[in-house]
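Let's take a walk through this structure together. Keep the sequence and the model side by side as you read.

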Amino acid sequence: MENFRRIIQNNRAWAASMTHDDPEYFEKRATKQEPHFLYIGCADSRVPSNQVTGTEPGELFVHRNVANLVIPSDLNAMSVLQYAVEVLDVKHVIVTGHYGCGGVKAAMGNQSYGLVDHWLGPVRNVVRWNRAELERIEDEQARFDRVVELNVLEQIYHLTETPIVQNAWAKGKRPLLHGLVYDIHSGLLREIATGIDCQEAADRLAERRLSGVPAGPPPIAGHMTPPVLAGDELADAIAQRVLRQLSPSPASNGKR
Ligand code: CO
């Protein structure tokens, strides 16, 4: 109970501090919201959407669930997406995964956790579809990290399959789609795919996804890599990376 009281006390202190600097802080935001971003993230308590993105109340429209999934039959997610795109007119939809994701880890193993096993089916598909790439990663942690990244790409692709995004793009409207992964060790967001703005760019992601060829950057080792861009630049970047990966020992790479 003491822990719960702490939440109420913190709330009082927070509200007081916000109005101390700006007496109109809440009033200004009470009548309307005009967020530029829809943030789709994991329910994990270590990845608070506003804090990690440095945003204020009113700036992010948020949907969170276990393993940051975008499932076209999920009434909740689709309602959020439609409202964000068609009513709030958000300019960007950001799928944010995170390293160390318990949902992704559960999907990679055989242990049963109950209802969530059903929910995580799409993550198991990500593992299956990318087996060729994943089997080449010897380090267990790196493989786990890579599934987190591939899962984000998969969810971006799911977004592009929705009539909501399709219709918006057909009208020549945004949103731009972005994929990020949050590093719980450093607090940094890593760009996996940015600025996906058309079906062509999404299809390129999908081709890589299904062929087992890396669709995003290789796993990081303590540093940030440049973002992968959409469209032709994305395809070029992927092609370059695949070539680099294959060139040292083409003979040992049976798949190609
Ligand atoms: Co998670």
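In S2, His63 is the bridge partner of Ile40. Before going further, please note that this is a predicted model, in which local features need pLDDT of at least 70 and side-chain atom pairs count only at pLDDT 80 or more, while totals for chains, interfaces and linings use all residues. Residues are numbered from 1 along each chain as its sequence is written, and side-chain values use heavy atoms, with hydrogens and water left out.

Back to the sheet. Helices (H or I, at least four residues) and strands (E, at least two) are DSSP runs, numbered from the N terminus, and two strands pair if DSSP finds at least two bridges between them. S1 and S2 pair in the parallel sense over 6 bridges. S1 is also joined to S3 by 5 bridges, and these two run parallel as well; here Gly41 has Thr96 in S3 as its bridge partner. In general, strands of a sheet pair through backbone hydrogen bonds, either parallel or antiparallel.

Stepping back, 5 strands form an open sheet in the order S2-S1-S3-S4-S5, with mixed pairing. Its edge strands are S2 (60-65) and S5 (189-196), each of which pairs on one side only. From one strand to the next, the twist averages 20 degrees, where axes are lines fitted to C-alpha atoms, for helices over the stretch in contact, and angles run from 0 to 180 degrees between N-to-C directions.

How enclosed is S1? Of its 6 residues, 5 are buried, so S1 is largely enclosed by the rest of the structure. Buried means under 20% relative accessible area, exposed means over 50%, and partly exposed is in between (1.4 Å probe, protein chains only).

Now for the nonpolar interior. A nonpolar core is a set of buried Ala, Val, Leu, Ile, Met, Phe, Trp, Tyr and Cys residues joined through side-chain atoms within 4.5 Å. The largest one has 51 residues, of which Leu38, Leu81 and Ile196 touch the most other members. Helix H9 (residues 140-161) supplies the largest share of this core, 10 residues. Apart from it lies another core, of 5 residues, including Tyr39, Val47, Val52 and Tyr182.

The C-alpha atoms of Tyr157 and Leu177 are separated by 9.4 Å, with the two residues 20 apart along the chain. Gln155 is found in helix H9 too, and at 0% relative accessibility it counts as buried.

Our last stop is the aromatic residues. The structure holds 3 aromatic pairs; rings of Phe, Tyr and Trp (its six-membered ring) pair if their centres lie within 6.5 Å, and planes under 30 degrees apart count as stacked, over 60 as edge-to-face and the rest as tilted. Trp14 and Phe26 form an edge-to-face pair, 5.3 Å centre to centre with 70 degrees between the planes. Trp14 lies in helix H1 (residues 2-21) and Phe26 in helix H2 (residues 25-30), so the pair ties together parts that are 12 residues apart in sequence. Tyr25 and Phe26 also pair edge-to-face, at 5.1 Å centre to centre and 85 degrees between the planes. Trp14, Tyr25 and Phe26 form one aromatic cluster. Trp14 is partly exposed at 37% relative accessible area, whereas Tyr25 is buried at 6% relative accessibility.
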